[in-house]
Amino acid sequence: MKILLVEDEEKLRKVLKLYLEREGFEVEEAADGEEAVEKFQPVDHSLVILDVMLPKKDGWSVLRRIREKGETPVIMLTARGEDEDKIFGFDLGADDYVVKPVSPKEIVARVKAILKRTGKKITADNLQIDKAAREVYVKGEKISLTQKEYELLLYLYERPNIALSREQLLNGVWGYDFFGDYRTVDAHIKNLREKLGDARDYIKTVRGYGYKFEVGS
Ligand code: CA
């Protein structure tokens with residue numbers, strides 16, 4: 001299971017990473033809010049540990065962006081133990097809240113408790129997307145996509161189990177100034193499904209509405 005660890009204090013980040021890895025978790029690090037938003041993948045991360053006070057984009061903004069993409073459990077880390085903060089965090093959809101200074105052992109215990117409670121990790125085992133290289137692999141084999149097909153797939157993949165309208169897809173992938181119509185989306189989905197082969201079933205049609213990247217738990 002992979003955890004996204006968002007903390008700008010390098011020393012604390014390294015200590016937490018060490019403890020989590022010792023318990024068998026894989027840890028991906030982010031040192032500021034923008035890096036966290038960039039790296040977060042609902043299909044990839046089982047849980048997020050998120051500091052509130054971060055450079056570039058604070059933890060609350062990052063939490064909002066995570067919640068736009070799904071239900072991945074989030075543990076917030078804060079320097080203050082104020083109740084308003086806690087209530088605000090839970091309102092935004094945080095799953096747990098730890099006040100600094102944190103004990104790495106406590107974090108590990110909370111991580112385990114939350115994963116036990118939520119009990120699921122969404123996976124798309126047949127499909128891997130390498131965002132840095134803009135490459136897509138189905139069952140380990142690289143497939144060749146056009147730029148728009150890639151962007152459409154990534155847009156769906158990053159919003160698992162959320163029904164997306166054709167309009168949302170058109171605006172999200174082609175942009176608001178694009179003068180195409182919904183058939184553009186349908187045509188690209190058709191090509192994408194053909195190229196995805198065994199991984200095609202992740203893309204479900206939502207009748208009369210749009211599409212959904214559906215993954216099981
Ligand atoms: Ca901080």
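The donor residues of the calcium ion follow the sequence spacing D-x42-D-x1-M. Donors are N, O and S atoms within 2.8 Å of the metal, or 3.2 Å for Na, K and Ca; water is not among the atoms, so sites may look incomplete. The model is predicted: local features need pLDDT of at least 70 and side-chain atom pairs pLDDT 80 or more, while totals for chains, interfaces and linings use all residues. Numbering starts from 1 along each chain as its sequence is written, and side-chain values use heavy atoms, without hydrogens and water.

The protein donors are D8 (OD), D51 (OD) and M53 (O), at 2.1 to 2.3 Å from the calcium ion. D51 is buried, at 3% relative accessibility. M53 is exposed, at 60%. Buried means under 20% relative accessible area, exposed over 50%, and partly exposed in between (1.4 Å probe, protein chains only).

Three strands form an open sheet in the order β6-β7-β8, with antiparallel pairing. β6 (127–130) and β8 (141–143) are the edge strands; each has a single partner, so one side of each lacks a neighbour in the sheet. Neighbouring strands are turned by 35° against each other on average, direction ignored. Strands (E, at least two residues) and helices (H or I, at least four) are DSSP runs, numbered from the N terminus. Pairing requires at least two DSSP bridges between two strands.

Four bridges join β6 to the antiparallel β7 (residues 135–138). Q128 stands opposite Y137 in β7. Helix α6 (residues 147–157) packs on the sheet and touches β6 and β7. Contact means heavy atoms within 4.5 Å. The direction of α6 makes about 110° with that of β6. Axes are lines fitted to C-alpha atoms, for helices over the stretch in contact, and angles run from 0 to 180 degrees between N-to-C directions.
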